[in-house]
Amino acid sequence: MQETSYLEIKNYFENIVNQSNYLNDFVGFFQREWANRTASVTGLQSPSLTLFKYKLGFDGPEQNTIAVRQIGFAIMFNDIKVDDYEAQYKAIDVAERFAKKVLARVNYDNHLESHFLYNSFIKDSVDISPVELSATDFGVEVFFNLKNKQLLHLDPNDWKDIEKVCL
């Protein structure tokens, strides 16, 4: 297990979009980025993968701290007509299939020893739900957890009140 960072997770999902043959756009963790992209001249290209949750917690015994990250992303279709319920249902159905493809890629990378996600994907933590962001934006939201080691090592050089000796 390797340590992981916020930016590494963001870049990983952006790369998934860039390498996929079925996703057309990516939005990072900020709501204002979503708002700016959807309001831009080019707009947000459907389907898109949007990261919207990143939560870090810690688990494990004193000498072996494990980081548990909850990741949330959505596969979204936008600009679906307000009164076209069949198109809305279809968007949710297709988004669910695409979300499973993304999770299959995460699972694949989870089994590569050289990958930073190696042995970190907690498959039974996956939760997929339909989502309606507005009257024209539909898809699914996905939550899952990653676990990996995370050192909580105190560096005395970071503190004025701790002696500069080995801990």
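## The second largest pocket

The residues lining the second largest pocket divide into 2 nonpolar, 5 polar and 2 charged, where Ala, Val, Leu, Ile, Met, Phe, Trp, Tyr, Cys and Pro count as nonpolar, Asp, Glu, Lys and Arg as charged, and the others, Gly among them, as polar. This is a predicted model, in which local features need pLDDT of at least 70 and side-chain atom pairs count only at pLDDT 80 or more, while totals for chains, interfaces and linings use all residues. Residues are numbered from 1 along each chain as its sequence is written, and side-chain values use heavy atoms, with hydrogens and water left out.

The lining of this second largest pocket consists of Glu 62, Gln 63, Asn 64, Thr 65, Lys 149, Gln 150, Leu 151, Leu 152 and His 153, and the pocket has a volume of about 190 Å³. A pocket is found on a 1 Å grid over the protein atoms alone, as an open set of points where a 1.4 Å probe fits, with protein on both sides within 12 Å along at least five of seven lines, and its lining residues have an atom within 4 Å of a point. Its volume is the space filled by probe spheres set on the points, which are joined across faces, edges and corners.

## The largest pocket

The volume of the largest pocket is about 240 Å³. Of the 14 residues that line this pocket, Gln 31, Trp 34, Thr 50, Phe 52 and Leu 133 lie nearest its centre. By class, the lining is made up of 10 nonpolar, 3 polar and 1 charged residues.

Helix H2 (31-39), strand S2 (48-59) and strand S3 (66-77) each contribute at least two residues to the lining of the largest pocket, and S2 gives the most, with 3 residues. Helices (H or I, at least four residues) and strands (E, at least two) are DSSP runs numbered from the N terminus.

## A nonpolar surface patch

Tyr 6, Leu 7 and Phe 30 form a nonpolar patch on the surface, and together they have about 300 Å² of accessible area. Patches are made of residues with over 30% relative accessible area and no salt bridge, with like charges joined within 9 Å and nonpolar side chains (Val, Leu, Ile, Met, Phe, Trp, Tyr) within 5 Å. Accessible areas come from the Shrake-Rupley method with a 1.4 Å probe, and for residues only the protein chains shown count as cover.

Within this patch, Phe 30 sits in the loop between strand S1 (25-27) and helix H2. Phe 30 is partly exposed, at a relative accessible area of 44%; buried means under 20%, exposed over 50%, and partly exposed in between (1.4 Å probe, protein chains only).

## Salt bridges within helices

The structure holds 3 salt bridges, each defined by a side-chain nitrogen of Lys or Arg within 4 Å of a carboxyl oxygen of Asp or Glu. Lys 10 pairs with Glu 14, with the closest N and O atoms 2.8 Å apart, and because these residues are 4 apart in helix H1 (residues 6-19), they are separated by about one helical turn. Lys 10 is partly exposed at 21% relative accessibility, and Glu 14 is partly exposed at 29%.

In helix H3 (residues 85-110), Asp 93 and Arg 97 are 4 residues apart and therefore separated by about one helical turn, and their side chains meet in a salt bridge (3.6 Å, N to O). Arg 105 forms a salt bridge with Asp 109, the closest N and O atoms being 3.1 Å apart, and this pair is likewise 4 residues apart in helix H3. Arg 105 is partly exposed at 36% relative accessibility, whereas Asp 109 is buried at 1%.
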